[in-house]
Amino acid sequence: MSALRLAPLFAKMLDRFFGDGTIAPWEMVYSLGDRERLRDLASGAGFRDAHVTIDVKFARYPDPDAFIAGATAGSPMSETMAEISETEQDRLIGEIVAEHSHYHDDDGLTVLAECLTLTARK
């Protein structure tokens, strides 16, 4: 089983923009991104010899603004984003893209995703 972990930079930016605690819905989405929680769930389900590793995967997006806009629109933040003006949405998306500038190359934005991979036996 593989579970994504919450990207800390993205989470910090959302909290900075909207206020502390804004990322709580994101934390729920990524709640399996905790090594001990995965172990406990596997054990509780009767699995043994649980082994958890960290993997880093990446995806490349040629249009960083469109990716961030889509990621927030299809996320637990969609209602919060809908409550702010289009100008404010554009500003936030621009800030997120700028904060990730060290992940830009000639092909666009490369988004890294940390995953926990659990293997176990039944």
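**Salt bridges, strand pairing and a charged patch**

Glu36 and Arg39 both lie in helix α3 (residues 35-44), three residues apart, about one turn of the helix. Helices (H or I, at least four residues) and strands (E, at least two) are DSSP runs, numbered from the N terminus. The model is predicted: local features need pLDDT of at least 70, side-chain atom pairs count only at pLDDT 80 or more, and totals for chains, interfaces and linings use all residues. Residues are numbered from 1 along each chain as its sequence is written, and side-chain values use heavy atoms, with hydrogens and water left out.

The side chains of Glu36 and Arg39 form a salt bridge (3.7 Å, N to O). The term denotes a side-chain nitrogen of Lys or Arg within 4 Å of a carboxyl oxygen of Asp or Glu. Glu36 also bridges to Arg35, with the closest N and O atoms 3.6 Å apart. Glu36 is partly exposed, at 38% relative accessibility. Arg35 is partly exposed at 43%, and Arg39 is partly exposed at 26%. Here, buried means under 20% relative accessible area, exposed over 50%, and partly exposed in between (1.4 Å probe, protein chains only).

Across the whole structure, six salt bridges are found. One of them joins Asp49 and Arg121 (2.3 Å, N to O). This pair links distant parts of the chain: Asp49 sits in strand β2, Arg121 in strand β4, 72 residues apart. Asp49 is partly exposed, with a relative accessible area of 47%. Arg121 is partly exposed, also with a value of 47%. Elsewhere, salt bridges that share partners join Arg35, Glu36 and Arg39 into one network.

Strand β2 (residues 48-61) pairs with β4 in the antiparallel sense over 12 bridges. Two strands pair if DSSP finds at least two bridges between them. Thr53 stands opposite Thr117 in β4. Ser2 also stands opposite Thr117. Strand β1 (residues 2-4) runs antiparallel to β4 (residues 108-121), joined by three bridges. Strand β3 (residues 104-105) is paired with β4 over two bridges, again antiparallel. Asp105 has Gly108 as its bridge partner in β4. β3 and β4 form a hairpin with two residues between them.

Helix α6 (residues 86-99) contains Asp90. Asp90 is partly exposed, at 48% relative accessibility. Glu99 is also found in helix α6. Glu99 is partly exposed, with a relative accessible area of 32%. Glu99 and Gly33 are 66 residues apart in sequence and 23 Å apart in space, C-alpha to C-alpha.
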